[in-house]
Amino acid sequence: MKLGMIFVVWVAMVFCVSAQGTNGAGETNELAARMRELEESVGHLDAKLSRQMNELLWFQRLGDLAVVDKVRYVGPPPRGTNGAPGQAGTNEVVVSAMSFVPRKPKTSKMPLIVFAHGEIHGNVANDEEPHVIRELIEQGYAVIAPDYRGSSGYGADYWRRIDYGGLEIEDVHLARECMLAQHREIDPKRVGIVGWSHGGLIAMMTVFMHPAEYRACYAGVPVSDLEERIKSHGKEFEKLFSAPYHLGKTVAEAPEEYRRRSPAWNVEKLKTPLLIQANTSDEDVKFPEVEKLMAALKASGKDFRCHIYTNAPGGHQFNRVDTGLARESREEIWQFLATYLKPGKQER
């Protein structure tokens, strides 16, 4: 049991003992509210400790291959309470990112990969992505992986700043600008973006919004249509998205807002070479959701590549695990990116 949870259990016992002998709904409701607040605080503390351990592991596991650093930059101002853009000069959003620059670059000007992590309220997790980042560095890419607003491990305020499919897109795009400003050895004309799951949504939405800035985009098992996603995942998922700190409304109340944040409804903006991979046995991003994306791309006459795996072992994680099929799948990704980003060659 985690230390944080042990602490919660201990405090709960103290509260329960202190609450004995009290009667009435008021005291009970107050105790329940205090317990929820305590659990949330301890949860954020656990996330912070986990994130700090993850950062140390990044240095340990990839330090032989790359100069690993943690960088911070400023994202756009948070939206106002009515959903309007925040006022310039009132910015309180500081984004942290892990950066990786090859110790032995293959060319004097190297290409860059922006890595968008997956999961709602996730972060750049060393227990899932180190082999992926390592494979990119070995090919000659510099990599930056931002913990955009809403990521866990930075406290409750940052966690509640989540702007799913909104300003988090700009947070990720600004990681590109941060790396170009700090590293003249990175070629601004050879930048790609990759992501899995929610990171796949971010990767696509980023190139939709900034098509001239990216030469290639990879989206693995991508979240594609929030309406379809909520329909397939049920009420708890809808409750998450309609929370006051999140979108604040249900799909029925604001369908256009959900569509504005869904790749399947924005495919007409695609101008960047795109590779999509998905798995029919994925129980997280279910295949009908990705089918909607592909149908929309075809209806818009977009040129893109896709590879749909049938019942590949691993489900949602099928090409991020350590299997032969996963390695073959990742090799397809690296070949696709190399076509446009040329990691081993000096572009003229």
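What share of the 348 residues in the chain is made up of buried residues? Here are my notes on that and a few other points, with the reminder that this is a predicted model.

1. **The chain overall.** Buried residues account for 53% of the 348 residues. The chain has 11 helices and eight strands. Looking at contacts between residues at least 6 apart in sequence, 75% of them join residues at least 24 apart.

2. **Cysteines.** You will find zero disulfides in a search of the whole structure. Cys178 has a relative accessible area of 8%, so it falls under the 20% limit and is buried.

3. **The largest cavity.** The whole structure holds two cavities of 30 Å³ or more, and the largest has about 50 Å³ of space. Its lining consists of Arg51, Asn54, Glu55, Trp58, Met98, Asn123, Val124, Asp147 and Tyr154. Helix α2, residues 25–62, gives the most to this lining, with four residues. By class, the lining of the largest cavity has four nonpolar, two polar and three charged residues.

4. **The second largest cavity.** This one has about 30 Å³ of space. Among the residues that line the second largest cavity are Glu119, Ile120 and His121, together with Tyr148, Arg149, Gly150 and Ser151. Ile162, Tyr164, Glu168 and His198 also belong to that lining. The classes here are four nonpolar, four polar and three charged residues.

5. **Glu119.** This residue deserves a look in your viewer. Glu119 sits in the loop between β3 (110–116) and α3 (130–139). Its phi is positive, about 80 degrees, although Glu119 is not a glycine. For context, most residues other than glycine have a negative phi. Glu119 also lines the second largest cavity.

6. **The second largest pocket.** Its volume is about 370 Å³. Of the 26 residues that line this pocket, Gly118, Glu119, Gly122, Asn123 and Glu128 are the closest to its centre. Two of these names have come up already: Glu119 in the lining of the second largest cavity, and Asn123 in the lining of the largest cavity. Helix α2 again gives the most, with four residues in the lining of the second largest pocket. By class, that lining has six nonpolar, 12 polar and eight charged residues.

7. **Ser152.** Is this residue buried or exposed? With a relative accessible area of 15%, Ser152 is under the 20% limit and therefore buried. Its place is in the loop between β4 (142–147) and α4 (156–160). Setting aside neighbours within four places in sequence, Ser152 is in contact with Ala47, Arg51, His121, Gly122, Asn123 and Trp159. Of these partners, Arg51 and Asn123 are in the lining of the largest cavity, while His121 is in that of the second largest cavity.

8. **The loop between β8 and α11.** Asn311 lies in this loop, between β8 (305–309) and α11 (324–341). Asn311 has a positive phi near 50 degrees, in a residue other than glycine. At 54% relative accessibility, Asn311 is over the 50% limit and so counts as exposed. Pro313 lies in the loop between β8 and α11 too, and its 60% relative accessibility means that Pro313 counts as exposed. Pro313 touches Phe318 and Leu325, not counting residues up to four places away in sequence. Pro313 and Leu325 are 12 residues apart in sequence, with their C-alpha atoms 8.6 Å apart in space.

9. **Helix α11.** The buried residues of α11 are Ala326, Ser329, Arg330, Glu332, Ile333, Trp334, Phe336, Leu337 and Leu341. The cover over these buried residues includes β3, α3, β5 (186–196), β6 (216–220), β7 (274–279) and β8.

Key: Residues numbered from 1 in each chain as written. Predicted model: local features only at pLDDT ≥ 70, side-chain atom pairs only at ≥ 80, totals over all residues. Heavy atoms only, no water. Disulfide = S-S within 2.5 Å. Buried < 20%, exposed > 50% of the residue type's maximum accessible area, 1.4 Å probe, protein only. 1 Å grid on protein atoms, 1.4 Å probe; cavity = no way out; pocket = protein on both sides within 12 Å on 5 of 7 lines; lining within 4 Å. Points joined across faces, edges and corners; volume = space filled by probe spheres on them. Helix = DSSP H or I, 4+ residues; strand = E, 2+ residues; numbered from the N terminus. Nonpolar A, V, L, I, M, F, W, Y, C, P; charged D, E, K, R; others polar. Contact = heavy atoms within 4.5 Å.
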